[in-house]
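Please look over the model below. The notes that follow take it point by point.

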Amino acid sequence: MSRYDNSGNYAPDSKSKYRRPRYPFSPRAVILGLIIGIAGGLYYAWNVDQRVEFDTEPWQLNEADRSSYIAGITLQYTYDSDLTRAVNRLLVLKLPGDPIQAVADTACKLASSSYIDNSSGQRAVRSMMTFYQLQGRTGCADTLLASSEIATPGLVIEASTPTLRPPATKTPTPEPILQATPTIVQAIVIPTIQPQADFVLADVRTFCSAELSGIIEIRVQDFNGEGIPGTSVTVNWDSGSSTFVTGLKPERGADYADFQMDAGKSYTVQVTGRSDPSQALVAGPCNDANSGQPALISYRATFRPQ
Amino acid sequence: MIRFLISLIVAIILGGLIGLYMGWVVIPTQYVNSPASSLADRYKDEYTVMVAAGYLKDGDLGGAVDRLRVLGQGNIPAYVQSVTERFISNSRDANDIAYLVALAEGLGRLTPIMQPYAQLHAPGQP
């Protein structure tokens, strides 16, 4: 069969582009246009008309305001001694390297500047010093701020004890020139630092109950296993924390407190400022052995003195 | 040629819209060197609580006000009152509320809703 048509032209091959239906658009132009458009849109959005700034996180702060934020963290630490909370807040700042040493470096910079020209600035820097010194770090602020002004001053007691004239003897001796010479005795009493952890997590157990689903039951006891009411307990999770006290449910015991977890979240529990945080307690799924109903894992945590 | 030009123009417009969406919403500019006044509200609240706790530690009301000025609030006492009342209304952490109430009281902004939390902490008495 001839491939020449009636006009005598040679017919194209069946796979030729001349036999395929034509696209309504040019694929090359579309690809080129998209590249140009996306690049132009990104340039405009990132450089010409940036989104209005809001919801800034602390790590995005400028140096001066980041220093103020750090001062805020350490000021609260000097009040509540909650090391976990302070460190968690420092982590949000994404400080380079060791965050506690970064506090020491920040204190050093502030102590070298006019920031400490007023007493408020000095207090802020001292709070930083207290914070990092208790964690075994050092910085130039230690020397830049006079040691006499550091948070734990020594208590100086001065007592003068005059030397008395000796009693007369039978043997005459040349009359010495005797004068009372006061001796100054200095006793420096330095307050001891309160231990960082009074309590330890003595026991933590899991259980699964449809009635008590996802509960952390906390007990704080003394050396003899007797409950301690009114002890502040803090539960931390990724986006917050809650502080409450033991003994608010006397029917469960004076040492008892509990906390309701949300499914899938991870929590730590501690005696506020007086123990290290527990390991992560995860509100994972489980099945109640008695009822067979699905529930969340619950925990029983007991704190005792170290 | 006309088909090519029309396709190009349509694609540029479409690509531009995609680019703007990505640049403003999906992967917006991440700012650094930002002032504290642009902090997210939750961090502003957190900072205010820290300053309030610092006030309880040292009793330095002027220092607390100076520290809060970085948040760019015109009226610091009114701001502290507002934060405190919001914390109370939202049943936030009792200690945080007590810190804020102490600061609000120091600033002369103790309102009836704060009364139950007053005197739980006093400045200079940890």
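1. Start with helix 2 (residues 41-58) of chain B and helix 3 (residues 61-69) of chain B. They pack at an angle of about 165°, with axes 9 Å apart. Helices here are DSSP runs (H or I, at least four residues), numbered from the N terminus. Axes are lines fitted to C-alpha atoms over the stretch in contact, and angles run from 0 to 180 degrees between N-to-C directions. The two helices are therefore roughly antiparallel (angles over 145 degrees).

2. On helix 2 of chain B, the residues in contact are Tyr47(B), Thr48(B), Val51(B), Tyr55(B) and Asp58(B); on helix 3 of chain B, they are Leu61(B), Ala64(B), Arg67(B) and Leu68(B). Contact means heavy atoms within 4.5 Å. These residues divide into six nonpolar, one polar and two charged (Ala, Val, Leu, Ile, Met, Phe, Trp, Tyr, Cys and Pro are nonpolar; Asp, Glu, Lys and Arg are charged; the others, Gly among them, are polar).

3. Next, helix 4 (residues 76-89) of chain B and helix 5 (residues 94-106) of chain B. Their axes come within 9 Å and cross at roughly 150°. This pair is therefore also roughly antiparallel. Among the residues in contact are Val80(B) and Phe87(B) of helix 4 of chain B, and Leu100(B) and Ala104(B) of helix 5 of chain B.

4. On confidence: this is a predicted model, where local features need pLDDT of at least 70, side-chain atom pairs count only at pLDDT 80 or more, and totals for chains, interfaces and linings use all residues. Residues are numbered from 1 along each chain as its sequence is written, chains are lettered from A and ligands numbered from 1 in the order written, and side-chain values use heavy atoms, without hydrogens and water. Mean pLDDT (the predictor's confidence in each residue, from 0 to 100) is 89 for chain B. The model scores ipTM 0.81 and pTM 0.53.

Note on methods:
Parallel < 35°, antiparallel > 145°, perpendicular 65-115°, else oblique.
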